[in-house]
Amino acid sequence: MEFALSEEQRLLQDSVRRFLEQNSPLDKVRLAAGNTHTVQRSLWAGASELGIPGMLIPEDFGGMGLGFLDAAIVYEMFGRYVAPLPFLGTAVMAPLALMLAGSEAQQEKWLPKIAAGEIIAGVAVTESIGVREGAGVKAGKGTLTGKALFVVDWAEADLYIVADSDHGFHLVLPDAKGLSRRALDTIDKTRSVGELVFDQVSAEPLPRSSADAVARVIDAGRVMLAADTLGAGQMMIEKAVAYAGERKQFGRVIGSFQAVKHLCAEMAAALEPSRSLVWYAAHALDEVPGDARLMACHAKSHLSEVGRFVARTATEVHGGMGFTDLLGLHYWFKRIGFDRQLLGGPELVRLEAAHLQGWAA
Amino acid sequence: MDLAYSPKYEAFREEVRAFLTKYKSQAPKGLGAAGRPSPEACSWQQLLIQHGYAARTIPKDYGGYGAKPDILESRIIAEEFSAARVPSALQNQGISMLVPTLLELGTEEQKKKWVKPTLRGEVVWCQGYSEPGSGSDLASLQTRATVDGDDFVINGQKIWTSTAHEADMIFCLVRTEPDKPKHEGISYLIFSMKTPGIEVRPLTTMTGHAEFNEVFFTDVRVPKTQIVGQRGQGWFVANATLKHERGMLGDPAAMETRFQALVDLMHEETVDGQRAIDNPIFRDRLVRLQAELAAMKFNGLRLLTSASKGEDPGLARLIVKLQSCELTHQISALAIDVMGELGVLYDDSPYLRSHGSWQWGYMFQLGLIIGGGTAQIQKNIISERGLGMPREPKLAK
Ligand SMILES: Cc1cc2nc3c(=O)[nH]c(=O)nc-3n(C[C@H](O)[C@H](O)[C@H](O)COP(=O)(O)OP(=O)(O)OC[C@H]3O[C@@H](n4cnc5c(N)ncnc54)[C@H](O)[C@@H]3O)c2cc1C
Ligand SMILES: Cc1cc2nc3c(=O)[nH]c(=O)nc-3n(C[C@H](O)[C@H](O)[C@H](O)COP(=O)(O)OP(=O)(O)OC[C@H]3O[C@@H](n4cnc5c(N)ncnc54)[C@H](O)[C@@H]3O)c2cc1C
């Protein structure tokens, strides 16, 4: 019985921490945020040297064959440094879809390229969770028609994995005839999402697609978003505590005012147990199939709530400074806000959790 | 991350199960959280000690079972007893607070005399710390003990003393050195509640029950040998106990039991023929609590692992009292809301659900938020010790 990160996992997390600290400091993030829909090639190349795009991909396909907990602690670091990188779609959801539903030929063709960091893979699953704006994709014979919103890692993708309204995954190339693409600008400038509109676009189905496979890709995405919020929230607390230790008003550091201390304590008290929930949810994806779906829902919805509280509270502790662009604190605030809504906001996810337990008709 | 137990532990689990199968029928219905255990509860406790399922790691010489501390074994025992719905070892202030303190800081004679009967449920203790003027600021306590020959002579008052009306003994903080700084003038005494000069007056709480008491001391004579630790060291002795008390609170298994009862309730209660579980607002609140509970449960597993490796889990431990007391209270709050008007029924009213246990719990658990270090004091501790924020500036005297 050991509920903890392994030594290797701590080393992995430390190496990602160091990599991002050195290569993606705030001024770089600011530059990247001015070009949301451009992939940060050199940063991604550095991440690829660490094996990050292929971390979940089996070694046979050039990946590292690691597990979801490894991916979660890496994405936690991405959240911590608001890293402007296409991890969620390219390194997690797309390879998982290919591994679960792709043919051998498809896997052989695409997984090594993803693992090497050579290609970006966007993922369209939003409508499998909830349809807005009349979106949704219908599959015909080798073609797709309809619209997909909030496609993850939309920018400069070399390949899209698209879920249709019938639990089928499809491969779509960005230059396919009849495909039109529009960027969606969100509050979070560190990650790109967009829209795909399909008019009889030729697409290659993933032959082993199933409702379960779609659900699993979404579960994994949700756990990663929870981990991202965990890392971003942790950083916001650290920044708030540090700021409160320096800023003086009324002749004292504001961190000596109990009102401020208690805000910080409340943030820590809410976030600290969430860490264990994220760990378990990620672990369950690999090791405890019976718990995986429910725990993905819990991790996603709970971190959304805790994240919102931490994001607004840490901002408040910074006073007017927190509200400005000067400290860049808003990048974390927005990252957490984005994580909350993507792949299902908490109310929606809790309804799913209720369904899973037979608590909702 | 490895949530499986090794074969050695699985074998141990089988032993526990075999014990439970064999002896389950002898178990009393419930042990009660506090107060004097029934004779059945005492014999059950003694059977548990004999087999190593209570007082497991306390040396045999002092009436325990004498096993090497192994946190995973303790966890397995707790899991199996809870799964079998069999009452586990007695938990009271004597066992969870006094015994560890005596073992750490008591004299050989004190250990020999008091540990065994306390463990066996034969001697019941109360904790005499809080005073009318000294709650959160415990170190300001004013109950005086002066030396007269071989005795301390105690005058003063304690308050909120749980089980004082049933207790045989009290472990009590008194001021012996009034001229020293407040933390250095306190001593920790243990004495009989039958000592002349002690008066116990029950205090009725908001639940309507007398769950604790005021205790008055008038010229109470206690032999000097009944001090634990040195004179003036009582604050540090008491902190050893408070450390144990904090560990006592926030038991995820107990919260899970309450949560399951809430789920059952929500499947039974209806308004206009609609079950509460089918009401989207109640259901959303339920799932939200379930996620929080999951987080606390896994936080508990994380603490277990750090404890087994002798690591300090830091924040993960400091937040437990605050978060679990609040969560427990929220579980009761949802149950009350689900029952609506039925949720304010009390006493022996018609239509009362579960003997009013949710109503009682909703009130009692507020006491747990306050007792043993209030939520605000917890936040002070989290921010100062956990986050390294500045301590409160001291007021000029
Ligand atoms: C949208 C916006 C518009 C503004 N417009 C103007 C304007 O037009 N003109 C202008 O002059 N100013 C303006 N301000 C400044 C505003 O008045 C200050 O931001 C505000 O008074 C807080 O001061 P501060 O930012 O220095 O934060 P600080 O005073 O440094 O506070 C930081 C944190 O410490 C807490 N804190 C500070 N002192 C205590 C205490 N004694 N007890 C407990 N907690 C404490 C605060 O609550 C806060 O959480 C504006 C600010 C904003 C956000
Ligand atoms: C159910 C229950 C059982 C108990 N059993 C026992 C027992 O067996 N033996 C025993 O000795 N005691 C017992 N107590 C007493 C308990 O330890 C005290 O109630 C507790 O320490 C708080 O002290 P107080 O009641 O004097 O409140 P106060 O200390 O007066 O606190 C009142 C309010 O002020 C706040 N406050 C106080 N100081 C600070 C500060 N520095 N910063 C911010 N806020 C502050 C508190 O958080 C609280 O909200 C029990 C209490 C309860 C509720």
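Student: What is the relative accessible area of B:W160?
Tutor: This is a predicted model, so local features need pLDDT of at least 70, side-chain atom pairs count only at pLDDT 80 or more, and totals for chains, interfaces and linings use all residues, while side-chain values use heavy atoms, without hydrogens and water. Residues are numbered from 1 along each chain as its sequence is written, with chains lettered from A and ligands numbered from 1 in the order in which they are written. Buried means under 20% relative accessible area, exposed over 50%, and partly exposed in between (1.4 Å probe, protein chains only). B:W160 is partly exposed, because its value is 45%.

Student: How many aromatic pairs does the structure hold?
Tutor: Rings of Phe, Tyr and Trp (its six-membered ring) pair if their centres lie within 6.5 Å; planes under 30 degrees apart are stacked, over 60 edge-to-face, and the rest tilted. Over all chains, the number of aromatic pairs is 20.

Student: What is the angle between the ring planes of B:W160 and B:F212?
Tutor: The ring centres lie 5.4 Å apart. The pair counts as tilted, because its planes stand at 50 degrees.

Student: How many residues apart in sequence are the parts that this pair ties together?
Tutor: Strands (E, at least two residues) and helices (H or I, at least four) are DSSP runs, numbered from the N terminus. B:W160 lies in β3 of chain B (residues 151–162) and B:F212 in β7 of chain B (residues 212–223). The parts are therefore apart in sequence by 52 residues.

Student: Which kind of aromatic pair do B:F171 and B:Y188 form?
Tutor: Their centres are 6.1 Å apart, with 15 degrees between the planes. That makes the pair stacked.

Student: How many residues of β4(B) are buried?
Tutor: One side carries B:M169, B:F171, B:L173 and B:R175, and the other B:I170, B:C172 and B:V174. Both faces are covered. Among these residues, B:F171 has a relative accessible area of 0%. For β4(B), residues 169–175, the count of buried residues is seven of seven.

Student: Which residue of β5(B) stands opposite B:C172?
Tutor: Two strands pair if DSSP finds at least two bridges between them. β4(B) and β5(B) (residues 186–192) pair in the antiparallel sense over seven bridges. Opposite B:C172 stands B:L189.
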